[in-house]
Amino acid sequence: MEAVRPKKTKTKSSGKPQLARKQKQVDANNINPEASSSEFTEIPLSLPPCPPLESQEEHENPVQSSETAAQPSERPTETLQTSLAQTLCTTELNQCLQSCLILSKLEPQVTVHQSTSDKVEEKDRGAEFQGTDLKVAQQTTELEKDLQLWNQPFATAPFDNPSVPALYPSLPTLEEVSVMQLCEEAEKNCGREPAVLALPEQESSPLSLQPLKSVAELSGSKLYPELPKTAPEIQAFSLEQLSVWEPGGGLRAWLEGVELCAAQFCALAHQENHELTELLQNYWRCRRQLNQSHTQLHTQSSDCKSAQNRLWSFRDEQLTLQGVCADQSKVCGYHRFQQAEFSQTVLAELRVLFETCSELLHQKVVLHAYTALLSRLQVESYLYHLLKDCSGNRTQPCSLQPLKEAISVLFSFTRRVLDDTQFQTDIHQWLERLVVILLRVGGSEEHLYLLNHLLICPAGVGKWAAPFLQIQVQTNSSGVQHFMQALAILMSPARHRAEFLSHMKPCESQTSAASGPESGNWTLVDEGGEEDEDPETSWLLLCEDDLISLLNQFPFQQLYSHMLGMSKQGVYEPRACSSQKMMRVFAFASSLIEILALGLQTYNRARYRQLVKRIGHIIRMTVCYVSDHWAQYVSVTDAAGSHVHSMSLEKLQLEYDHLFLRAVLHVLRNKRLGIWLFMSEMPYGTLSSSMLWKVLYVMQCAETAGLKPLSAAADTQSCIQALRDPNHQQRFEQWLCEVNSSDGISLLTALAHMVTPTQHSDPSFITTITQLIYQVSYVSLATRETYSKVGRELLAAIATAHPYIISVLLEKLRETIQTVGLMALYLCKELPLSLWRPRPEEISVIGAWLLQNPLSAVENQLACVILEGLNWGYNQDGSLALSSVLHNEVALLVAEAYQTYLTDKPYSGLISEGIKQVSYLASVLRVSPEASFSQWAWQLLLRLKLHGNAQSPKGAWVVPALA
């Protein structure tokens, strides 16, 4: 079949496409007709709407149809346009099916090739044909024929390579059919026709040549609704995700290392059949025998002394002599003396005792002393050879296994009940010698090995073995890893402590005797009067001083220096910190806080109160260091905005907020920490506004509702709604009534410190804190007696940082002045009123208090205190601190009040009335309210700047200093 090209329609296009199109036409004319018919068959994009039952002349000569379609006609009405569009769509679909059927019968395996220019020409012809005016009679005839053809059954031939454009009906132009009609037709045809052209044809199809007016109308109308563009909410990293920024696996690796070190330690700590064990047991046995012989010798010596005392027996004798003197007087004389009697029996007994003592001294004591000394020399010899072998040479490093086994043997004897002081001293000295060598030649594993030994020693180990723990933070990461691993072991519960201390378990008889009423021992109870620990297991626990001594061996200052990137010389460079380094700081600080929080859980006992406070202090110091470093990073980043960081400030702020929140939760879970004292010292200045709301909610729920509902406080709005709930505030006031006053004061101080930093810019949060403190300190009858003084100081501190809070307090005073009473005067005298800039409506409230209440009323006195405390002077630049209008308004207000309270007649001059009142008041000895008010009014009026020269001293001839 020979393909006949239709005539081209004239369209406006650029010069280059027209030249290319002409070249293609010339090439097409030079091609042999037979070859062209055998190589390809062209299918028009839109066929003319002629009946499909016509002869093939119309298909072979589409030129005539194109010319017929190009004839101008008149525009039909809107009703005819709608029917015409429906007719054209049905006719074009039938023609496409018929043409495809004919082509498939003639040449089913012909490959269709169509150039870009041909597609443009066919689209132009389709557009021209669609714009042709048809008569109503012809439309009706064509529609009937199309429906007859559509209802006739037909057989479809298999399509090998159907042309995609042939399957698409041509659309009417925008001038003829409205956009809504196009949408309806698209909805009808979407189920049985493809939606888009093939990719090669999309790329090769030219732009549509539609009128600009129609295109503008189409672009202005939106066929599909626009979805709201919501940015995904930034989520904070979990602890597992934060471990990516830590070398060595981070927190998870350190916690797993605790179990691994415990397993390795248990395999090496048990050394029952060791050679050194036998030597030490022999030495211990000789020492016991020597001590027993010394005891026997001491007993015999005591017996000898007792026999010596009985060897001589003394009795008192008296001689009486009588005589007669020369004068025949009788005299009588007395002589008293002692008579000693030597006992042969006791002498024989003493001789036997001396012989026994001599035999005991020369036989047993000397023998046992010799054997003890010999056994001690044997131990010394063994340790000497051990250390000699461990020293080795420089080329062949020796194994530390024998040294560690010997240390385990020596530690095993420290976990026994030793009544021999010399033996215990020798054990400690030998341990010190071996540990020094192990620390010098060993690595981090040996340090952890010694720490595990110290943690299973009996109470009192910190007095003699604390120096055995040596932790150094080196410049590389290995020192930090060693530090954190050792800290994790110390903060974790000691493994197998009861097993290793089984030799020291007291007997039941000793326990019952020690706990009886006659023993004189005291039982430790907590602040609630409950016994803190079980007496049967309390002997297993270490002393608090021991754990504090071990904790002091950790150089946290070196760790913080390494965390903040400080050099060896102590140089701190925040400008060198990038977002990745900042994330490493957050990740490391999170792991450190989690490990310290593990210690809070492990040592949550009454006997470890000071230790727990030290751990809480370290947590607070960690948060403070990170907070300062984060503030430096933000300031440097804002100053140098040109630097490109891989993470935004919003993401880093979110990570810091969650780091702070985790620390707060750990602190609040420990009731023995003195938590509110620590919370009052936390750095709130670098937190975001949303996290401040969450922390406030957490701090209140920690006591009123517990920490369980904290997981539900995920968003800020839920926290705000919960805080403003009256039931929640009532529970908080009830808790303040029940709790110790020191804890309540610390909590209120912590709340005030949350809003004290001046960089906070959330007025709603600051107002909420202010109203909460005011409610507790002045409104609540159950709590204001305890917290009024501290509440006054805290409100003054908040007002100093944020002077607009005085407006909030003024509104609360207006609402609750009847309940607060005279306490409002003390509050306003404490507030920094000189920093406040009142608004006109607030001056109206003060004026109403001054004019509508008698002089003895609280409202009147409160108005006087407020007006007196305002700054009626100048700023540093010489301008008035308050506006001149306010000066004039207050002056008139004072004058009106003066006339109201001090004169009963119409105003006849302030000066004359003032002179009369002064003369009258001079005769009154007692100061009355009127006298006080008069003195206040004159002092305030003299401070007001009412003259023009005083209001603008720079523009007047008066010297500003004299003004």
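This is a guided tour of the predicted model above, stop by stop.

Residues are numbered from 1 along each chain as its sequence is written, and side-chain values use heavy atoms, with hydrogens and water left out. Because the model is predicted, local features need pLDDT of at least 70 and side-chain atom pairs count only at pLDDT 80 or more, while totals for chains, interfaces and linings use all residues.

**The whole chain**

Of its 963 residues, 43% count as buried, where buried means under 20% relative accessible area, exposed over 50% and partly exposed in between, with a 1.4 Å probe and protein chains only. The accessible surface, from the Shrake-Rupley method with a 1.4 Å probe, comes to about 53,600 Å², and 54% of it belongs to carbon and sulfur atoms.

**The largest nonpolar core**

Next select Tyr684 and Met699, the residues with the most contacts inside the largest nonpolar core, which has 201 residues; such a core is a set of buried Ala, Val, Leu, Ile, Met, Phe, Trp, Tyr and Cys residues joined through side-chain atoms within 4.5 Å. Helix H24 (residues 579–602) contributes the largest share of this core, 12 residues. Apart from this core lies another, of 13 residues, among them Cys304, Leu350, Leu353 and Leu360. Returning to Met699, display the residues that it touches, not counting those up to four places away in sequence: Leu668, Trp676, Met679, Tyr684, Leu747, Ala750, Leu751 and Met754, a contact meaning heavy atoms within 4.5 Å.

**Gln300 in helix H13**

Select helix H13 (residues 275–311) and find Gln300 in it. Gln300 counts as buried because its relative accessibility is 18%. Leaving aside neighbours within four places in sequence, Gln300 is in contact with Leu353, Thr356, Cys357 and Leu360.

Move on to strand S1 (residues 312–324) and strand S2 (residues 330–342), which pair in the antiparallel sense over 13 bridges; strands pair if DSSP finds at least two bridges between them. Picking Leu319 leads across to its bridge partner in S2, His335. In the loop between S1 and S2 sits Gln328, whose phi near 65° is a positive value in a residue other than glycine. With 63% relative accessibility, Gln328 counts as exposed.

**Two crossing helices**

Now show helix H12 (residues 251–269) with helix H17 (residues 444–455), whose axes come within 10 Å and cross at roughly 75°. The two helices, H12 and H17, are therefore roughly perpendicular to each other, a description that covers angles of 65 to 115 degrees. Where they meet, Cys261, Phe265, Leu268 and Ala269 in H12 face Leu448, Tyr449, Asn452 and His453 in H17.

Go to Phe483 in helix H19 (residues 477–491), which is buried with a relative accessible area of 0%. Phe483 and Phe554 are 71 residues apart along the chain, yet their C-alpha atoms are separated by 7.5 Å. Finally, select His496 in the loop between H19 and helix H20 (497–500). His496 has a positive phi of about 55° although it is not a glycine, and at 40% relative accessibility it counts as partly exposed.

Methods
Helix = DSSP H or I, 4+ residues; strand = E, 2+ residues; numbered from the N terminus. Axes fitted to C-alpha atoms, helices over the stretch in contact; angles between N-to-C directions. Parallel < 35°, antiparallel > 145°, perpendicular 65-115°, else oblique.
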